[in-house]
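Work through the exercises below with the sequence and structure open. Try each task before reading its solution.

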Amino acid sequence: MSFINYASREINCKIVYYGPGLCGKTTNLQFVYQKTAPEAKGKMISLATETERTLFFDFLPLALGEIRGFKTRFHLYTVPGQVFYDASRKLILKGVDGVVFVADSQEERMDANIESVENLRINLTEQGYDLDKIPYVVQYNKRDLPNLVSVEELRRELNPTGVPDFEACATTGEGVFETLKAIAKQILFDLKKGR
Amino acid sequence: MANPQLVMYDEEFKQINAVIEKLLREANAKVIFLVDKNGQLITGCGETERFDTTSLASLTAGNIAATGGLAKLIGEKEFSILFHEGEKDNLHISIVAGRVILVVLFDSRSSLGLVRLRVKKSSEELATIFGRLLQKSEEKEKSGESEFPFAEITDDDIDNLFS
């Protein structure tokens, strides 16, 4: 849930990047970090294993600018994607304002994608959220690799409700900022509607 | 159910700062932070410029979340107090009013016993203030009174953020 501080004139929101293991959640954040101006970002924290698999979370704070005199800050988090880290994923989802689901476009990862979306829905429900009601976008990552599932099929399986979706290649950065802007806008529009 | 949105008003912000400034003096601490359980920094006092406060807030919340998970596994509701001992500096982390984390950093000029004693008293004062904040938010929402800054924003306002 966003934090509104009238005293310091700040609004802080939380975005969580979700998806199966090795789909590109951390890579998304790393690209955002590299390309964001120093004054607009804080330090990126990565709690990872020695083999650079996310263990608990990655965290990147971004300052997007001011709206109506209020500084707008977004905190980006990724969850660990490997199946057995489910307990940690539940914790990172607490207080979420918007979710980006990062799908791995490779054929052999289709089952993992589907399992991860279902896992997302269940974990959100446990926290009292409804995936169909919160700001949510989908990213089809790794569009540069061979053995791809078509976007139409990915959409059918992973985005049946038709939320905004984006093709991406997080290693080169294609689609990364488009995805981030879309989820940030959704969150801000939601905040506007909600009051 | 998800926690209701945390809203901070001027008056309560000043009261909270007064409480933690008093705690800083009475506990002989170096720095004190108040962090929302979702990882947002609420306020701090003392030698705060020494630290990356955004990272500290996020990691503290992660720490509390992880140990909270552990607590539930062993049948406890949560671990309301955590203490991390360092070579020079120590961290005392406690949960206040069920949703705010109080972080006290102290060194050999203080002691765990003194910090625990002072934190207990300050926690009661902070809990009262946060209770009032919640009540205030709920009353404003019920009365339909909206000072909400985003009520009047336009699509262009949002688009301009990204240009």
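Two strands pair if DSSP finds at least two bridges between them. Keep that cut-off in hand for the strand exercises. The model is predicted.

**Exercise 1. Which residues of the largest nonpolar core touch the most other members?**

Step 1. Size the core. It holds 89 residues.

Step 2. A:V16, B:I32 and B:V104 touch the most other members.

Step 3. Find the main contributor. α5(A) supplies the largest share of this core, eight residues.

Step 4. Leaving out residues up to four places away in sequence, A:V16 touches A:Y77, A:V79, A:I92, A:L93, A:V96 and A:V99.

Step 5. In soluble globular proteins, nonpolar side chains tend to be buried together.

**Exercise 2. Describe the side of chain A that touches chain B.**

Step 1. Count both sides. In this contact, 37 residues of chain A meet 34 residues of chain B.

Step 2. List the elements of chain A that give two or more residues. They are β1 (3-5), β2 (10-18), β4 (54-67), β5 (70-78), α2 (86-92) and α5 (176-194).

Step 3. Name the main contributor. β4(A) gives the most, with seven residues.

Step 4. Sort by class. The side of chain A divides into 19 nonpolar, 10 polar and eight charged residues.

Step 5. Three bridges join β1(A) to β1 (residues 6-8) of chain B, and the two strands run parallel. A:I4 has B:V7 in β1(B) as its bridge partner.

**Exercise 3. In what order do the strands of the five-stranded open sheet in chain B lie?**

Step 1. Trace the pairing. The order is β3-β2-β6-β5-β4, with antiparallel pairing.

Step 2. Find the edges. β3 (41-46) and β4 (81-85) of chain B each pair on one side only.

Step 3. Neighbouring strands are turned by 15° against each other on average, direction ignored.

Step 4. Inspect one pair. Seven bridges join β5 (residues 90-96) and β6 (residues 100-106) of chain B, which run antiparallel. B:I93 stands opposite B:V103 in β6(B).

Step 5. Helix α2 (residues 53-73) of chain B lies across β2, β3, β4, β5 and β6 of chain B, at about 65° to β2(B).

**Exercise 4. Classify the crossing of α1(B) and α3(B).**

Step 1. Read the geometry. The axes of α1 (residues 10-26) and α3 (residues 112-142) of chain B come within 10 Å and cross at roughly 175°.

Step 2. Apply the cut-off. Angles over 145 degrees count as roughly antiparallel, so α1(B) is roughly antiparallel to α3(B).

Step 3. Name the contacts. The residues from α1(B) include B:I16, B:V19 and B:L23, and those from α3(B) include B:V119, B:L126 and B:I129.

Step 4. Sort by class. The contact has seven nonpolar, two polar and five charged residues.

**Exercise 5. Is A:K142 buried or exposed, and what about A:N147?**

Step 1. A:K142 is in the loop between β7 (136-141) and α4 (151-158) of chain A. A:N147 is in the loop between β7 and α4 of chain A as well.

Step 2. Check phi. A:K142 is not a glycine, yet its phi is positive, about 70°. For A:N147, phi is near 55°, a positive value in a residue other than glycine.

Step 3. Count neighbours. A:K142 has 23 other C-beta atoms within 10 Å, so this residue is buried. A:N147 has 10, so this residue is exposed.

Notes. Residues are numbered from 1 along each chain as its sequence is written. Chains are lettered from A and ligands numbered from 1 in the order in which they are written. This is a predicted model: local features need pLDDT of at least 70, side-chain atom pairs count only at pLDDT 80 or more; totals for chains, interfaces and linings use all residues. Two residues are in contact if their C-beta atoms, placed from the backbone, lie within 7 Å. Helices (H or I, at least four residues) and strands (E, at least two) are DSSP runs, numbered from the N terminus. Ala, Val, Leu, Ile, Met, Phe, Trp, Tyr, Cys and Pro count as nonpolar, Asp, Glu, Lys and Arg as charged, and the others, Gly among them, as polar. A nonpolar core is a set of buried Ala, Val, Leu, Ile, Met, Phe, Trp, Tyr and Cys residues joined through C-beta atoms within 7 Å. A residue is buried if 20 or more other C-beta atoms lie within 10 Å of its own, exposed if 12 or fewer, and partly exposed in between; C-beta atoms are placed from the backbone. Axes are lines fitted to C-alpha atoms, for helices over the stretch in contact, and angles run from 0 to 180 degrees between N-to-C directions. Angles under 35 degrees count as roughly parallel, over 145 as roughly antiparallel, 65 to 115 as roughly perpendicular and the rest as oblique.
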